[in-house]
Amino acid sequence: MIIPILLLALGFILLIKGGDWFVDGASGIARRFHLPEILIGATVVSIGTTLPEVMVSAGAALQGSGDIAYGNAIGSIICNTALISAITITLKPGEAARKSMILPVSFFFGAAVFYSIMSYCFGFFSRLSGIILLAVFVIYMVMTVLRMKSSAATLATVGIEEQQGALTSEAELEAASGEDHVVESIKAGTKDSLLKDIILLVIGAVLIAFGADLLVDNAIIIAQQCGVSEKVIGLTIVALGTSLPELVTAITSLIKGHGSLSLGNIIGANLFNLVLVSGTAITINPFKVPAASYIGGINTSLIIDIPVMFAVMLILTVPTLIKQKLSRWQGISLLLVYAAFCVLQFCI
C-alpha cells in the first residue's frame, strides 16, 4: 500500500511541474507571435492546465477504466468551481466583464446539456458522442481565435513598431561604435529564449504524460485495495490532483491582482473538461455511465454528480453575469457545497 501511495504522490508532483512548464513554454511561444494576453489565457493556459485531465482520462480509457475517465472530468469541474475558484473568490472578490464570459459560459452549458442527455437518456457514451464533443471544442477554439483576431492584430502592430524602434536604436549604436556584436547579441538572445520555450513545452508534456500514467495506475490499485469505487477516486482524489494546475494559476493570478484571468481560466478549463477531456476518453473507448452506488434504485451519478456540476456552475456564473462582479457569498456557498459533496461521496 505504501508504494502505490508514494507513486501516486509522485504522479501528482510530475503533473503539477509538467503543467507549470507546459504553460510557461506555450505562453512564451504565443507571445512571440504577438498574441494578446487574454487570448493566451482563454486558449493556451486553459488547455495547458487541462492537459493533466486529458492524459489521465485518456490513459484510463485505454485501460478500460471508464469510471476514472468519467469521474475525473465531472469531479474536476466540481473541484475547479467549488474549491479552487471558491477559495479565490472568498479571499478576494473582484470584477468580471460580462462580455468576456458569455462565450465560454454558453458553450459550457450547451456541452453540459448534451452530456446530460447522453447520461440520462442513453446511459452510454458512444464514440459518435465523443467525436461531437471534440467538434464542439474545435468550434469553440475557432470562435475564440476569430473573436480575438482584431485585438491580436492591434497588438501585433504595436509590437512590431516597438521592435523596429529598438532595432533602429541598436543599428544607430552599431554605426557609431563600428561594432555589430550588439545586434548579434539581440538575435542570439531571441533564439535562445524561443528554444527555451520549446524545451519547456516538450518537457512539460512528457512530465504530464508520465505523471498521468502513475496517477491512473496507482489510483486504480488503491481503489481496489481499499474497497473504494473507482468513480469515487476519480471524483475526489484524482480530480483534485489534476486540478492543481488550475489552483496554481488561480493563486498566482490572485497575488498579481488578476482575478478575472483566474475566473476565465476556470470556466475555460471546465468547458475543456467536458468537450476535450471527456471527448478524448469517449472517442478512445466508449463507456457506460458509472453505477457505483444507488439511492432509491437510481444511479447516484445521475442524482448527485451531474446536478452538483450544474449547481456549482450556476452559483459561479449567473450572479456574476448579472452583477458583473464576484461576491464573497458565492465563494463561501461553493466551499460548503464542495465539503458536503466530498463527505457524501464517501458515505454512500
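Predicted model: local features only at pLDDT ≥ 70, side-chain atom pairs only at ≥ 80, totals over all residues.
Residues are numbered from 1 along each chain as its sequence is written, and side-chain values use heavy atoms, with hydrogens and water left out.

The protein contains 11 helices and four strands; these are DSSP runs, helices being H or I of at least four residues and strands E of at least two, numbered from the N terminus. Of its 348 residues, 49% are buried, where buried means under 20% relative accessible area, exposed over 50%, and partly exposed in between (1.4 Å probe, protein chains only). The protein exposes about 15600 Å², of which carbon and sulfur atoms supply 71%; accessible areas come from the Shrake-Rupley method with a 1.4 Å probe, and for residues only the protein chains shown count as cover.

The largest nonpolar core comprises 74 residues, and F108, L274 and M309 have the most contacts inside it. Such a core is a set of buried Ala, Val, Leu, Ile, Met, Phe, Trp, Tyr and Cys residues joined through side-chain atoms within 4.5 Å. Helix α3 (residues 66–91) gives the most to this core, with 12 residues. Beyond its neighbours within four places in sequence, L274 is in contact (heavy atoms within 4.5 Å) with residues including I74, I77, F108 and M309.

F107 lies in helix α4 (residues 98–122) and is buried, at 16% relative accessibility. Leaving out residues up to four places away in sequence, F107 touches V136, I139, Y140, M143 and L271. F107 and Y140 are 33 residues apart in sequence, yet their C-alpha atoms are 7.3 Å apart.

Q330, in helix α11 (residues 328–347), is also buried, at 1% relative accessibility. Its side chain reaches the backbone oxygen of L316 at 3.2 Å, and a polar atom of the Q330 side chain lies 2.8 Å from the backbone nitrogen of S327. Not counting residues up to four places away in sequence, Q330 touches I89, I315, L316, P319, T320 and K325.

L194 belongs to helix α6 (residues 181–226) and is partly exposed, with a relative accessible area of 33%.

Key:
Polar contact = N/O pair within 3.5 Å; in protein donor to acceptor, adjacent residues only side chain to side chain.
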